[in-house]
Every structure is written in C-alpha cells, then in structure tokens.
Amino acid sequence: VKIETAPDAPPFVLGTAARLKRSAANPALARRMRKMKGVLAMKSSVDKQSVTIRFGRGDILLSSGVASDAGLVITLDPGDPNAKPKVDGAARHPLFGLAAAKVLEPPTGTWQEEAQAFWAFAADWPRMPRALLVVCTDEGTELQLGENGSPEFEIHGTAAQLVSIFSGNSIVTEDWLAGKIRGVGTMEHASVLTGRSIAWVMGEGR
Amino acid sequence: LSDRLDPHITMVRTEGSVPDGPLVGKYLSRDKFERSLPLGPALADFAFAYDLAGTPQLGWWADWRQPFLGDVHQRPDLDTLVEIRPQVASCIVDFVSPDGEPLPVCPRSVLKGAIERLSANGFEARVACEVEGMVFTESYDEARAKGYRDLSPLGTDRALAYLTHDAYRQRPLLEEVARRLDAMGVAWEAWSAEAAPGQFEINLPATDPVTAADTVARVRTVCREVAVDNGLSVTFMAKPRDAYGSGMHIHHSLLKDGAPAFYDESSPDKRSDVMRRWIGGLIATMPAAHAFLTPTINSYRRMVGFAAAPLVISWGEDNKSTALRTISRSAKLARIEHRVGAGDLNPYLGIAAILAGGIVGLEQGIEPPDELRALAWGMPERFPHLPTTITQTADALERDKAFADAMGPVMVEHWIHTRRWEWMMYHTTGGDPDADAVTDWELNRYFELM
C-alpha cells in the first residue's frame, strides 16, 4: 500500500496518513486497503481542519480540504475520540464507509507493545531520557525502557491511556496537562518527549 | 548611574525583545534598578518558551534553558536609558544567564554577534529602517470586541500613498509619536500616510545596527502607547486587512575604515567588489533569511504580486519590485534596500539575518546572479521565487548551514522549531488552512502584539 500526502500537508492530513500507515502494517487491513476505491473526506466539527483521502486500490493520496467529489464526508471532533461522528453519504456507499471506518481506526497492541514501539522510535533522539519508567495504574504493572537503574522520567496512567499516548493516538504532554496521565521528571525531558510524541502522531517513523 | 539618570526619575522600565518580537520587562523602583546592576532584574526563562497565545512551546530543548524553569536576567544597556514620561525612564536590556553569559536566543545579542563577525571581516554596517503600521479609530478594547474586523482606518479610505490630507487626519497618532520621540531623544526623519487605508510609514535615520533595531522597537512602543492614550489602535501586523500589507524595508551599507565600502568610482557600474559579494550572499541565503524577515503566518499574506512585496529572489538597480534594490549612483548614497521584510519582523533578528547573509557572501566570495532588469512580479516559475509558507521557509533555514553559522546556530535551531510550532498552532487551534485572506486566528494572535 502506498500512502502519500500532498506537499506542505497540515497536521490533520499528516495525522490521518499516519493512522492509515498503522493500518497498512496490519496484513488484513492492508488487503482491505488494496481493494478500496473512492474518495472520503473528514472535517473537524470544532475548527477548520479537514482532509480528503483518495483511495485507489492501494494507492492512497491525502490532501487538505473537502473535495467536491468526496462520496463520504465524516464530521468529527479530532480532540474527542468518544464523540460520535456524523457521516454523510454512508447510505450511498455502505461498503466503502465500513471499510474506511476500519482502516481509520488502526488496531492497537497492549500498552507494553505500544510503549516499546514508541521507545524504539524515540529513544535515540538527542536529549531523550536514558531510562523511562511506565507505570500502569489499573493493572499495577510497570515497564522500564532504556537503561537500567533510576529512571530519568516516569509516566503513570491507565492501560487505555498508555495505549493512547504510545500508539500515537494522543500527545504525551496534552494528556499530562489534562490530568489523564501523571509524570515525574524534568521540563527538558517532558519537552523532548513531547516533540517525539508529536512526530509519532504525525507519522514520523511509520 | 546618577550621571545618566536625572534625580527626579523614580522608576525605570526595563525592556528587551523576545524572539517573536514583543518587548518584555518590569517597572523597577530607581533603588531596585540600581541594586540590580550589573546583571539586571530576573524573570522566568519561560518568557522565551511560550508563544504569542501564551501556550508553552514544547518539543525541543536547548542548553540555555534550566531543567525546572529557572531565571534569566535582563542586563541593562545603560547607554539606552531615556526618560519616557515624567519620573519614568526606559532602559533596553540584553538577556543573560544567571552567570552573566549572553543568552544565545536573545535577539539583541544575536545581532551583536553578527556585528562582531562583520567586524572581524573588517567592516561596520549602517542601517536605516522604514517602519510601516496601520492605525484605526477604535481603541484596542473596542477593536478586540469587534474581533479586529471592520475597523475604521484613521484617515481616508483610499489606497493612495503620500496623501498629505490623509497624513493630516493621522496627526492624532503621528505628530504625538514624533513629539514623544523628540522628547526621548530618539531620532526620526519623516512620516507619511501610506498606500493602505490607515497605513503610515515612519522613516528612521541610518545608524549602527543595534541602535537601528532599538529605535524600531521604541518607535513601535511609542506608537502603541500614543494609541492607548488617545483611544486608537495600532498594529504592525503584515496584513491585518485586505489591503496593501505593511513591510519593513531595511536600507544598509558597509563602511571600511570609516569610508563607504559599497562604492567604487573606477567600476563601470560603480559597485565595489564588496557590494557584489554582499549581494551574492544575500541572494544565496535569502530563502533561509526569509524565515526571520517573514516570521509569522500572517507575514505570508503580504506576499502578493504587484503590491510592493517582492516575490522573486532577485536584485536590481533602483528597482522597487526586486527583493534587493541597489543604489549605486554616488559614494554617499550607495546602499542596498532589502525589501523582503514584513512589518511584523523582529528588528534585531531581521537586521541580523541580513548581516549574516551578507557575511556569508563576503567570506565565501559569492558572485551574485545577473541583475534583474524587469518587473519582478508575475514572473514565470523559472525565476527563483521566495518560499511561500512558513514551513517551506523553516525547511530552507534548516538546509542552509553557512547562514546558520553566521546567524548563530542556537538561534537558528530555536527559530526552526518555533516556526514549525507556529504552523502547528495555526492548524490545530482554529486557523483555516484554506483561507486566502486574514483569519480570526491571525487577528486574535497578532493584532495587539505585533
């Protein structure tokens, strides 16, 4: 599956492309993507962000805006995964709509698998903490990534929240500031982790 | 200090530029100001780490920052002490670390670094800036209540420059600005109404680069303060409404041993080798320097053909459509007018970027492309165009290592990150990626701070 974005693509386009790349890494979803043909647009209900996705049997091109030939238009709140999206055109394109819903929601692994994948992507970046302790508060388990010894940064959260930040569905600091996770460490490490988290959400390393 | 400060002064306002352009500082009692010397008062280093909406900028780090949000100091430049109102003085500062080291992202220190490097090459620079802004009859509070839309320009509603009738109507702002500058001892040369409704231009005299930048900062401050005092509003946004945008043309020349270095009587075109290489450097580094000259999302809206802003990387003798307008007809006048700068640029960084580009040309002996003897708007793509988005420009800045070396690598790295941050904030906090005119996001973010 080839997934490309138009030049100078904005964050919503890059983030959507990243989700599709994550789905394309799954063999069953990749097979589905190779069969999909049609134009889908998504637009934000809270601001002006939008993306048009052109599925061409394995060749996928994303660009900013809502194209006039989009058969399916989904209106959603990008900051609230629990908000119900509004879908226009599903009645005319039910199978395409179903397939799109699947590939736009890439499957996730356990929080440990997602944390390890993020660490493999981010660990070598300059100024990253050398050791990251991840504590799952509802399971009572933890995982240290990187070097042994005292961790330079700790992230505490529920399994679902840890999956969200490490899979690239949300950004570490946004969730920290919103009280969804807890952290222990320096401003330097928090900032650099945020940079890698943003890059991960936008598809770097995918 | 008693030699520099009249006895009746009771408080001193410190003010220093952060990279985005606004001045930050404190009002200090005279006693506290004196006791704070030489390091100056402290403020949180966060002043350099949040954006114009007050959002902490996260995603990168640099050695000048402290791990748990520490202090930086505002080291006063006592040569800049001036009385701004009865009993109140102002002092421009350089930002330094707690141990007195210049902060590598302090715009004024970055400019000083470029001047030092130019001096090591045997030259000193003279710089004169044109400050353009727009004034409206609504107060800032009234403008904010209207979302900065549908404001009434002070003056005529015609796109005609230099109208003295228009200037007369702008007197409540500009005559008072001139009076206050005179009282402060800040030199200015001329002011006039400009091409957009409510637009004005203030011409400042040629001087050393730091004084030139200090003066721009002070002129903008005085404009805003006169506006506040008179129930008006002023903005130096590059494009606050659908009309001619505001730029900042930066005239500059070099001296060697006190003599003009851009002029050569024996050369057929009267341009010296120094000027030629300086132009070569400015042209070669222009995509990177563009990041500092065109700093905001809104700056790019000014880049419209046939509307004064240059679009093509080019130079030409007395050509006001090219990016660089050279004037070579006499030793006294020989200079370059750099016309790329947007009205919202940080004067310290804008001037530093120009010096850095020229320095690259001098040090590498870069020959300029042919002079463009044509109108530089509406040209086909084979002519090299300036980047048209903030991300394209950040990419160009990231690629140009020679420019970064002359400008200051830490500042350049900071700027690349913050320009990409500005792009991300525009898209994720309410900006319209498909808008072809100024958005509410831009007006809310920039109108009162630029």
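The structure is a predicted model, in which local features need pLDDT of at least 70 and side-chain atom pairs count only at pLDDT 80 or more, while totals for chains, interfaces and linings use all residues. Residues are numbered from 1 along each chain as its sequence is written, chains are lettered from A and ligands numbered from 1 in the order in which they are written, and side-chain values use heavy atoms, with hydrogens and water left out.

Where the chains come together, 24 residues of chain B are in contact with 22 residues of chain A (contact being heavy atoms within 4.5 Å). About 1,800 Å² is buried between chain B and chain A, with carbon and sulfur atoms giving 65% of that area; buried area here is the accessible area (1.4 Å probe) that two parts lose on being put together, summed over both.

Helix H10 (390–399) and helix H12 (409–428) of chain B are the elements that give two or more residues to the side of chain B that touches chain A, helices being DSSP runs (H or I, at least four residues) numbered from the N terminus. H12(B) gives the most, with four residues.

Turning to the rings, there are 19 aromatic pairs over all chains. Rings of Phe, Tyr and Trp (its six-membered ring) pair if their centres lie within 6.5 Å; planes under 30 degrees apart count as stacked, over 60 as edge-to-face and the rest as tilted. Phe118(A) and Phe121(A) have ring centres 6.4 Å apart and planes at 55°, so this pair is tilted. These two residues sit three residues apart in helix H4 (residues 111–122) of chain A, separated by about one helical turn. Both Phe118(A) and Phe121(A) are buried (under 20% relative accessible area, 1.4 Å probe, protein chains only). Ring pairs also link Phe118(A), Phe121(A), Phe166(A) and Trp200(A) into a cluster.

In chain B, Phe292(B) and Phe403(B) form a tilted pair, 6.3 Å centre to centre with 40° between the planes. Phe292(B) lies in helix H8 (residues 286–293) and Phe403(B) in helix H11 (residues 401–407), both of chain B, so the pair ties together parts that are 111 residues apart in sequence. Phe292(B) is buried, at 1% relative accessible area, and Phe403(B) is buried too, at 0%.

How values were computed. Buried < 20%, exposed > 50% of the residue type's maximum accessible area, 1.4 Å probe, protein only.
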